[in-house]
Amino acid sequence: MFRHCDPGEKPGCNACFFMLPSKVTVFPAMFFPGNARYFALKVAYIVLSLYLCSQDCSVMGKGKLAKFAEMETFSNVFQYPYSVIDNVPFAMKGHWRDRYFNNGNPIVLELGCGKGEYTVELARLFPDVNFVGVDIKGARMWTGAKQALEDGLKNVAFLRTNIEIIDRFFAKDEVQELWLTFSDPQMKNAHKRLTSTFFLNRYRTFLVDGGIVHLKTDSNFLYTYTTYMAKENRLPVLFATDDLYHTEGLDEATRKILSIRTYYESMWIERGLNIRYIKFRLPHEGMLVEPEVDIPLDEYRSYHRPKRSNRETGR
């Protein structure tokens, strides 16, 4: 990465230039005496790193665009983010069974499905149930959608949209169960938690009366919050454990589901974190309220993100 006026001089001499690609400014080290030259080279190195990162991101961006373009051809993917659904009503609302699945089987949603591996594996395990994976991250969803097509799975579909508007896509009593797998605990904002009153009220618009909500999480905060939500609102809890893979007496269906582990779930287990699970019924009647309790915040952050607050508890 160095160019010299005299080939005999070694890198770092006053005559050398730190060379970056043509689109990036060239820093002549000879303009900086002594220690200043070192810092000038260091700055140049940082600029170069940022430039190379931008090139990688550009390549990655092209990969995402290619996946988005390919997903437009997938028969099992429906893409309706905010910008689209406001202008184009979802005609299949209330008609998932007769217009897509072509059967009368129950419908189960996985909200925040990520790469879709959980949705796909559920569809394999339960061929007499229809599954719809929902997420806004299309590049991730591409993985599960493509796998489902290649494997000929007819009981699985994917919906790319914002979960905040999930009630625009399913009609009253159209869905039997919901899966929330490793959702962001949203420790600072209860409004964004997928088991908050904000979302539970939305689920009520399309979930059958007493439909089942499953929460599987590595977050003690989200698990505890959800248990308090169920208790405060007298939601019937069918099963709950703070250590799913070391709990005895599980029913056959739960043991069957335990064979499915997502990429991130495997990572949490390798880190020694307990996997927590709760399933409860969501009746249509009764006003839902938030629990007024302080809950200890998780001591770790997913995806290696640093803790941004000094608070120890949240609501």
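Student: To which residue belongs the backbone oxygen that the side chain of Thr224 reaches at 2.7 Å?
Tutor: In this predicted model, local features need pLDDT of at least 70 and side-chain atom pairs pLDDT 80 or more, whereas totals for chains, interfaces and linings use all residues. Residues are numbered from 1 along each chain as its sequence is written, and side-chain values use heavy atoms, without hydrogens or water. A polar contact is a pair of N or O atoms within 3.5 Å, one able to donate a hydrogen and the other to accept it; residues adjacent in sequence count only if both atoms are side-chain atoms. At 2.7 Å, the side chain of Thr224 reaches the backbone oxygen of Asn220.

Student: In which helix is Thr224 found, and is the residue buried or exposed?
Tutor: Helices (H or I, at least four residues) and strands (E, at least two) are DSSP runs numbered from the N terminus, and Thr224 is found in helix H7, residues 220–232. Buried means under 20% relative accessible area, exposed over 50%, and partly exposed in between, with a 1.4 Å probe and protein chains only. Because its relative accessible area is 17%, Thr224 is buried.

Student: Where does Asp298 lie, and what is its relative accessible area?
Tutor: Asp298 is in the loop that runs between strand E12 (295–296) and strand E13 (313–314). This residue counts as buried, because its relative accessible area is 8%.

Student: Which residue's side chain makes a polar contact with the side chain of Asp298?
Tutor: The side chain of Asp298 reaches the backbone nitrogen of Phe221 at 2.9 Å. Its polar contact with another side chain, at 2.6 Å, is with Ser219.

Student: Which residues does Asp298 touch, not counting residues up to four places away in sequence?
Tutor: Contact means heavy atoms within 4.5 Å. One of the residues touched is Met187, which is 111 residues from Asp298 along the chain, with a C-alpha separation of 8.4 Å. With that sequence exclusion, Asp298 touches Pro185, Met187, Ser219, Asn220 and Phe221.

Student: What share of the contacts in the protein with a separation of 6 or more comes from residues 24 or more positions apart?
Tutor: The protein has nine helices and 13 strands. Among the contacts with a separation of 6 or more, the share from residues 24 or more positions apart is 72%.

Student: What percentage of the residues of the protein count as buried?
Tutor: Thr224 is buried, and Asp298 is buried too. Of the 315 residues of the protein, the buried share is 45%.
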